[in-house]
Amino acid sequence: MEAARQYNVHEAKTHFSRILEAVATGEEVIISKSGAPVAKVVPLASKVRRTARGSLTEPVVFHDDFDDISDDEGFADAFGLSTENGW
């Protein structure tokens with residue numbers, strides 16, 4: 001793991017936008033005062049992009065009857081379908 005970038009208070013004030021950009025990309029930044037670390041700036045939440053093939057952690061399973069509504073009277077009523085008409 002790469003060491004966190006470190007800025008003293010004056011540099012942090014001068015380069016605050018640059019620090020925020022670095023943190024937005026996942027970096028951690030240390031702010032020091034008189035040479036001693038006093039704060040760490042970290043991303044609030046890491047962004048996970050799951051767009052690649054195989055990016056799910058578990059396989060998706062569809063059961064054979066996943067779209068079977070034959071026993072759901074509420075659905076039939078909501079859409080004007082009647083069990084007498086073959087539903």
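Me: What should I know before I start?
Reply: The model is predicted, so local features need pLDDT of at least 70 and side-chain atom pairs count only at pLDDT 80 or more, while totals for chains, interfaces and linings use all residues. Residues are numbered from 1 along each chain as its sequence is written, and side-chain values use heavy atoms, with hydrogens and water left out.

Me: Which pattern does the protein chain follow along the sequence?
Reply: Helices (H or I, at least four residues) and strands (E, at least two) are DSSP runs, numbered from the N terminus. Here there are 3 helices and 3 strands. Their order is β-α-α-β-β-α.

Me: Is Ser32 buried or exposed?
Reply: Buried means under 20% relative accessible area, exposed over 50%, partly exposed in between (1.4 Å probe, protein chains only). Ser32 has 5%, so Ser32 is buried. Ser32 sits in strand β2 (residues 29–33). Of the 87 residues of the chain, 13% count as buried.

Me: What does Ser32 touch?
Reply: Contact means heavy atoms within 4.5 Å. Leaving out residues up to four places away in sequence, Ser32 touches Gln6, Tyr7, Asn8, Val9, Pro37 and Val38.

Me: Which residues make up the largest nonpolar core?
Reply: A nonpolar core is a set of buried Ala, Val, Leu, Ile, Met, Phe, Trp, Tyr and Cys residues joined through side-chain atoms within 4.5 Å. The largest has 7 residues: Tyr7, Ala12, Ile19, Ala22, Val23, Val29 and Ile31. Helix α2 (16–24) and strand β2 each give two or more residues to this core. The largest share, 3 residues, comes from α2.
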